[in-house]
Amino acid sequence: MAEDWIRVRTFLSSRPVAKRLARLCRDDAQKAAGVLVDFWSGAAEFSKNGYIRDESDATLEEWAKWRGKRGAFATWVRAEHMDDEGRIPEWDDFMGALEARRQADRERKELERLRRKADRLSRGPSADSPRDSPQTSRGSSAPTRANVDVDVTKRDEISPATTPPPVAHAPPRRLRRTDGETAFLAALPEESRATWEAMIDGWLVGMGYARGRAAHADDVHTGLLEYLAVTSRPGIVRDFSPRYVVTFVEGAERRRLKAEVGRPARDRKGRQRAADDTEANALAAALAVQGIAKRAVS
């Protein structure tokens, strides 16, 4: 589901689009406005970016809850309410921001899922699994230092060694930068470079990136190079807003995590193929030796 609401112009029944459709609704512009709202709601729910060209006539009329002559509304849509790209006219103006938010939310959830899976694969079996937890005589898990509650009235007695270090207000400045960072910083206006240097350094220590998660240096390098490549195309105006640039870094991270998640399975298959090849070679060698022995006897 895209959203549970859509944007609609005020006084829709007085708009040209409703008046054009009113010809199919016995000149009832208010009825036409209701049909349009239902139709746009269905497109928001089930289409992608307002693309409707490949939808069947029955589907278009089902979205609109059309009760008139079968096929009439779908014919009107394809003739008068679809642009050259096969989309609903002005879709980006009305639903573009909502579609972008939905896509960003999907990508964020996918990135979090891949990150958690990659973390599990890198750690291996959990060291504190319930199966491995020490049991008391009553069968319950033995208390550990991690799950013993600390009396808040005695917080002053906590050892200084257990107190977390203070969080720095500014990331440490790095002396060496990747080629991607260097190229990106060179493309910036000179007055913005110092700010962006601090921002990129912050990403690598979990400041200002993905809700406090530290970025990977390779992802920053790849993402910044991809940003420069995309924004160097003709007709594209470079937007150095941090939110936009971060999307390229997150895209690079998403691809890297997908590759890392799939690598263990590929490694297992590779080891199995190698074992099969070794077994086959050993069998072939044994048969060859057996053949040589038979010929020698004969």
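Tutor: What follows starts with the chain as a whole and then turns to the pocket. The model is predicted, so local features need pLDDT of at least 70 and side-chain atom pairs pLDDT 80 or more, while totals for chains, interfaces and linings use all residues. Residues are numbered from 1 along each chain as its sequence is written, and side-chain values use heavy atoms, without hydrogens or water.

Of its 298 residues, 27% are buried (under 20% relative accessible area; exposed is over 50%, partly exposed in between; 1.4 Å probe, protein chains only).

The part in question is the second largest pocket, with a volume of about 290 Å³. A pocket is an open set of points on a 1 Å grid over the protein atoms alone, where a 1.4 Å probe fits, with protein on both sides within 12 Å along at least five of seven lines; lining residues have an atom within 4 Å of a point. The volume is the space filled by probe spheres set on the points.

This pocket is lined by 17 residues, and Trp40, His81, Pro89, Glu90 and Phe94 lie nearest its centre. Helices α1 (16–22) and α5 (91–123) each supply at least two residues of the lining. By class, the lining has 11 nonpolar, one polar and five charged residues.

Glu90, one of the residues nearest the pocket centre, sits in the loop between α4 and α5. Phi of Glu90 is near 60°, a positive value in a residue other than glycine. With a relative accessible area of 44%, Glu90 is partly exposed. Lys65 also has a positive phi, near 55°; Lys65 belongs to the loop between α3 (57–63) and α4 (72–80). At 42% relative accessibility, Lys65 is partly exposed.

Further along, helix α6 (residues 179–187) has Gly180, Glu181, Phe184 and Leu185 buried. These residues lie on the same side of α6, because they cover an arc of only 125° around the axis. Asp179 and Ala186, on the other side of α6, are exposed.

Finally, Arg256 is in helix α9 (residues 242–297). Arg256 and His216 are 40 residues apart in sequence, with 9.9 Å between their C-alpha atoms.

Technical notes: Helix = DSSP H or I, 4+ residues; strand = E, 2+ residues; numbered from the N terminus. Arc of directions from axis to C-beta. Nonpolar A, V, L, I, M, F, W, Y, C, P; charged D, E, K, R; others polar.
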